[in-house]
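Here are my notes for anyone opening this one for the first time. Have the chains up on screen as you read, and take the points in order.

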There are 4 protein chains.
Amino acid sequence: SLPLTLFGGMNVLESREMALEVAEAYVEVTGRLGMPYVFKSSFDKANRSSIHSYRGPGLEKGLEWLAEIKSRFGVPVITDVHEPWQAKPVAEVADVIQLPAFLARQTDLVVAMAETGAAINIKKPQFIAPHEMRHIIRKCEEAGNSRLILCERGSSFGYNNLVVDMLGFGEMKKTGYPVFFDVTHALQQPGGRADSADGRRAQVAELARAGVAVGLAGLFLEAHPDPDNAKCDGPCALPLNRLEGFLSQLKSIDDMVKGFAPLEID
Amino acid sequence: SLPLTLFGGMNVLESREMALEVAEAYVEVTGRLGMPYVFKSSFDKANRSSIHSYRGPGLEKGLEWLAEIKSRFGVPVITDVHEPWQAKPVAEVADVIQLPAFLARQTDLVVAMAETGAAINIKKPQFIAPHEMRHIIRKCEEAGNSRLILCERGSSFGYNNLVVDMLGFGEMKKTGYPVFFDVTHALQQPGGRADSADGRRAQVAELARAGVAVGLAGLFLEAHPDPDNAKCDGPCALPLNRLEGFLSQLKSIDDMVKGFAPLEID
Amino acid sequence: SLPLTLFGGMNVLESREMALEVAEAYVEVTGRLGMPYVFKSSFDKANRSSIHSYRGPGLEKGLEWLAEIKSRFGVPVITDVHEPWQAKPVAEVADVIQLPAFLARQTDLVVAMAETGAAINIKKPQFIAPHEMRHIIRKCEEAGNSRLILCERGSSFGYNNLVVDMLGFGEMKKTGYPVFFDVTHALQQPGGRADSADGRRAQVAELARAGVAVGLAGLFLEAHPDPDNAKCDGPCALPLNRLEGFLSQLKSIDDMVKGFAPLEID
Amino acid sequence: SLPLTLFGGMNVLESREMALEVAEAYVEVTGRLGMPYVFKSSFDKANRSSIHSYRGPGLEKGLEWLAEIKSRFGVPVITDVHEPWQAKPVAEVADVIQLPAFLARQTDLVVAMAETGAAINIKKPQFIAPHEMRHIIRKCEEAGNSRLILCERGSSFGYNNLVVDMLGFGEMKKTGYPVFFDVTHALQQPGGRADSADGRRAQVAELARAGVAVGLAGLFLEAHPDPDNAKCDGPCALPLNRLEGFLSQLKSIDDMVKGFAPLEID
């Protein structure tokens, strides 16, 4: 029943300047709202649909930019890891390291990340049930790390579609770990465009409100100053100038549902 | 942006006394909450898993009980229709007549119901997409009736499971018709018990909150004084003594989200 | 391990002449192939997407045409029933009466059909699991009829798509009842066209071969002299002039797999 | 229309002796049947459900054993690659290198594998549509490799279940690349056991026959001398002593369907 935490930022680090601009907007808005905040962005998009798609600045430059954001704004940062050797250097900068959904069952990666001691944000794969998250949790725990976060981002629903099962949050909460909701990626329509995924960003507020009303530890969100020209997942990104309106509504819902008396229905 | 309306009652009319007891509880609670209310119950469960399952008092006695509830409590009533010939007599008592999900594409039934002039609650079949509701809508309109309500109750998700696609509400709202959420039936696990569906009533509050947070015209709910001994769909029913706590939380969320300024995200 | 039986015909009775033409083609082809044959067509399409879609000649004229086909060609006939009162008159003409998928859980219809004593072809609803067919079977048996056939026609797979689970045939065969495969309707793409379902008839041979190779009691097939101008489900219909090539391939596969020694793998 | 090729072997290299025993059985059986054959086994299971599950002998020893099988029996070998650095050493031994389903979108891995010049067996992820395979194909081609094989292994169907869409084979065949069917992994029930996936090996013959009847370039199969005691995926493995019966039936079907005249249905 702590207030909603935000893992918020932009999909991929497009440039140092844009990252600073985006971080500044988040810091200001979450500061005004009193919302705990962690800056998120990726240094590498390792599984784009096309080999020609923009991937990011790479590990070295990416960590440099993340470190700058961290020190300039005094916020923790989260970024994702794709191969075991990356875990250690990334964890030297990032406060939370993220296990990607497609890779969440790769034992070597899980163990390498767990051994850093950093908090780990586990994205729930689109192809596993909420109760199966216990296997990934146990891998982390047995590798000595129980600073874990579980993060829903939609389940495969037929071809080229994802659906968020609102009952899955409760299933995951039973593990005792904090449960987050990546509303941005849950908006994806996989394979929906000629060269990339499509998205449903016009519905971001509806979907986020639904998730937050269930009662969650946190929200994962990607925004962009100009979504139509974003280098990755623009169709899912919130326009940055809508950030405050969007978050303040969610904060209101979160405050309300966390104040509700438990109903005790068995 | 009218306040949330409740179609609330019990699954099947088990007895006149119990129906009166249930209706009274709803009337009192919704009265205190200032929530527009319509009493719901079925006179016949026409598609039980087993031939031995309780079906209800039948049309004649069922309508009698519904009429009594209507006059005694001064509330409108809603009940479901299964065959074309039932539409007319049912509409003489019921203010809203309900088109069952499995039957929602049966043209003769749709037309017979439309011709009564009563408001129609169209349950979305588990096997059609939100945007396909336009076909059923058009059938009603062409039969001269545009007093329509669309009601989500979950989509088939693999075997023996339903999932509620929170993005589907927005899709259905584009039709211009009011959209309701039958949270009770969305909790079903089809084929989950030896002789009937199972359910997840412990999660009714989470799922209802998610739906209401999207912004809906109304909620459809079934409660029971003793869910474990209910004659149908007990595993999905809210215990009647939790009704006020449950509804007051949803009303708070509904009031809040309907007060939000639109975010205009394209 | 009896040879493959064919329930074959056309979707809806478009005219007496066309029905005779289609029946004649089937009778000749199945005669040459030595394939047990039952003529199939519908007198009413009761759940078209649009109220303006062609529904058929109706019960009276439809049964007249079916009776003519039956006597002229000396073949049994199968047709579908939509309301309880239709069961008796239909069973006076039809040798096999068909329970539609959407209606397969309507107790009154099931019982009325069972009480005729006719063989019943139960279409598996798109929204239930293979093992749940036992509920519908039990309803028929308890109403005194165990002349039952189970017929797969695809399961809901996300929105606007059906998938045939080849493992479901084995599940249904465990009931002891003959299992058929409606390859035509399994090709549907529900909601795929502005006013009706779309289909994938170019893949009819691939899908039928897959099903028959599993080892089935029978196949359900719809053909049309001019599929692009068929009044219903043309996108799924086999061109009538491909019938012999299509069926002779399936017969070869069926003969082969039914000659295989059992493998006994537990 | 070449005859069916077999990628056959055992899930993971449990020991040198067992690998030789299994390879010998396959070589003898496929020799008698005149079936082109490639030995398959994994040196590392990189995504087991539990950290305590057996993973294999590792890259070095695994490649040694594969090289021994290759030279002793004169057969090509296939094995899977999990990280980019493994591609080169593996391709020095393996004739076909396999891209795992969960990793099939990891650009660095795809490119590293493509650059070896070896043939690549691309497992279709459970979470993408058949037509989306074109993205992975294009990545390989643009990295200079067009010796590609596409391999179906089931699609996510709700929670804890996979389904094989027989229409997906035709979709993938349109790419012009050979299409294989991994019948073993398609039998998995993900998350079905306390510590691992469950499986449906009793249905392996039914499912394989269905796929082969569609008309495929090849089959992927795992067998084991004692499936109940296999160290990985035993619930899906064919008992090794059923291999000849199983394959001879599939060869008969393959020969038959590849001899069919095309039906030309548009």
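**Notes on the chain contacts**

1. Start with one pair of side chains: Asp108(A) makes a salt bridge with Arg55(D), and the closest N and O atoms lie 2.6 Å apart. Keep in mind that this is a predicted model. In total, 4 salt bridges are counted between chain A and chain D.

2. Now zoom out to the whole A–D contact. Chain A puts in 40 residues and chain D puts in 40 residues. About 3700 Å² is buried between chain A and chain D, and carbon and sulfur atoms account for 46% of that area.

3. The same surface is used by both copies, as 100% of the contact residues of chain A recur in chain D.

4. Next, go to chain C and chain A. Here the contact takes 4 residues from chain C and 4 residues from chain A. The two chains bury about 360 Å² between them, with 76% of it on carbon and sulfur atoms.

5. The C–A pair has its own rotation. Chain C superposes on chain A by a rotation of 180° with 0.0 Å of shift along the axis, and the RMSD is 0.0 Å. That is how a two-fold axis relates its copies. Gly158(C) shows up again here: of the residues of chain C, its C-alpha comes closest to the rotation axis, at 1.9 Å. Also, 100% of the interface residues of chain C are interface residues in chain A too, so the copies meet through the same surface.

6. Back to salt bridges, this time within a chain. The structure holds 68 of them over all chains. One to look up is Lys40(A) with Glu222(A), where the closest N and O atoms are 2.9 Å apart. This pair links distant parts of the chain, 182 residues apart: Lys40(A) sits in strand E2 (residues 37-42) of chain A, and Glu222(A) sits in strand E12 (residues 218-224) of chain A.

7. Last, a helix pair inside chain C. At what angle do helix H1 (residues 16-33) and helix H9 (residues 243-259) of chain C pack? The angle is about 35°, and their axes are 10 Å apart. The crossing of H1(C) past H9(C) is right-handed. On the H1(C) side the contact is made by Ala25(C), Tyr26(C), Val29(C), Thr30(C), Arg32(C) and Leu33(C). H9(C) brings Leu243(C), Glu244(C), Leu247(C), Ser248(C) and Lys251(C) to the contact. Sorted by class, the contact has 6 nonpolar, 2 polar and 3 charged residues.

Technical notes. Residues numbered from 1 in each chain as written. Chains lettered and ligands numbered in written order. Predicted model: local features only at pLDDT ≥ 70, side-chain atom pairs only at ≥ 80, totals over all residues. Heavy atoms only, no water. Axes fitted to C-alpha atoms, helices over the stretch in contact; angles between N-to-C directions. Helix = DSSP H or I, 4+ residues; strand = E, 2+ residues; numbered from the N terminus. Left-handed = near helix turned anticlockwise from the far one by under 90°. Contact = heavy atoms within 4.5 Å. Nonpolar A, V, L, I, M, F, W, Y, C, P; charged D, E, K, R; others polar. Least-squares fit on C-alpha atoms with pLDDT ≥ 70 in both. Buried area = accessible area lost by both parts, 1.4 Å probe.
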